[in-house]
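Please work through the following exercises with the sequence and the 3D structure side by side, and try each task before reading its solution.

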Amino acid sequence: PPLAAVRTGPNKILVMDDEGIVRELVSDMLTSLGYEVAEACDGTEAIALYQSAKETGQPFTAVILDVTIPGGMGGKEAIATLRAIDPQVKAIVSSGHDADPVMSDCRQHGFCAAIPKPYDISKLGCVVSKALDEQSTRKTA
């Protein structure tokens, strides 16, 4: 889809991935789309950042969580705590492993969307845009 059709900022997005290069790339793509971005290396850090942002009145509009974090808390584990903090959290699951059950049935696991790696700016923009549009629809419904 054309990038012009993608909803962009001023939303605040949290990106959680154990690979620094992936976090940086995703952050750069989201920033170029007009979003404000924060990064976390694992679920524990993502939860702390999400909680802090909510408490300061500057909550994240959406989060993108890597399913598995070797040696740390991944998105699969973090989503339950994020939902306890904010039942309306817009969480997008991301993974390079399409066979993971969380990717194939993301809603069953508490996510509103899934994006398989690798992805480009257009695909990322569309998935985030759809997640945010779903949020707007729920608020007006």
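**Exercise 1.** In which loop is Q88 found?

Solution. Q88 sits in the loop between helix 3 (75-85) and strand 4 (91-95), where helices (H or I, at least four residues) and strands (E, at least two) are DSSP runs numbered from the N terminus. The model is a predicted one, in which local features need pLDDT of at least 70 and side-chain atom pairs count only at pLDDT 80 or more, while totals for chains, interfaces and linings use all residues. Residues are numbered from 1 along each chain as its sequence is written, and side-chain values use heavy atoms, with hydrogens and water left out.

**Exercise 2.** Identify the buried residues of helix 3 and describe where they lie.

Solution. Begin with the list: G75, A78, I79, L82 and I85 are the buried residues of helix 3, buried meaning under 20% relative accessible area, exposed over 50% and partly exposed in between (1.4 Å probe, protein chains only). Seen down the axis of helix 3, these residues fall within an arc of 120 degrees, so they line one face of the helix; the arc is that of the directions from the helix axis to the C-beta atoms. The face turned away from this buried side carries the exposed residues A80 and A84.

**Exercise 3.** State what covers the buried residues of helix 3.

Solution. The cover includes strand 1 (12-16), helix 2 (43-55), strand 3 (62-66) and strand 4, with contact meaning heavy atoms within 4.5 Å.
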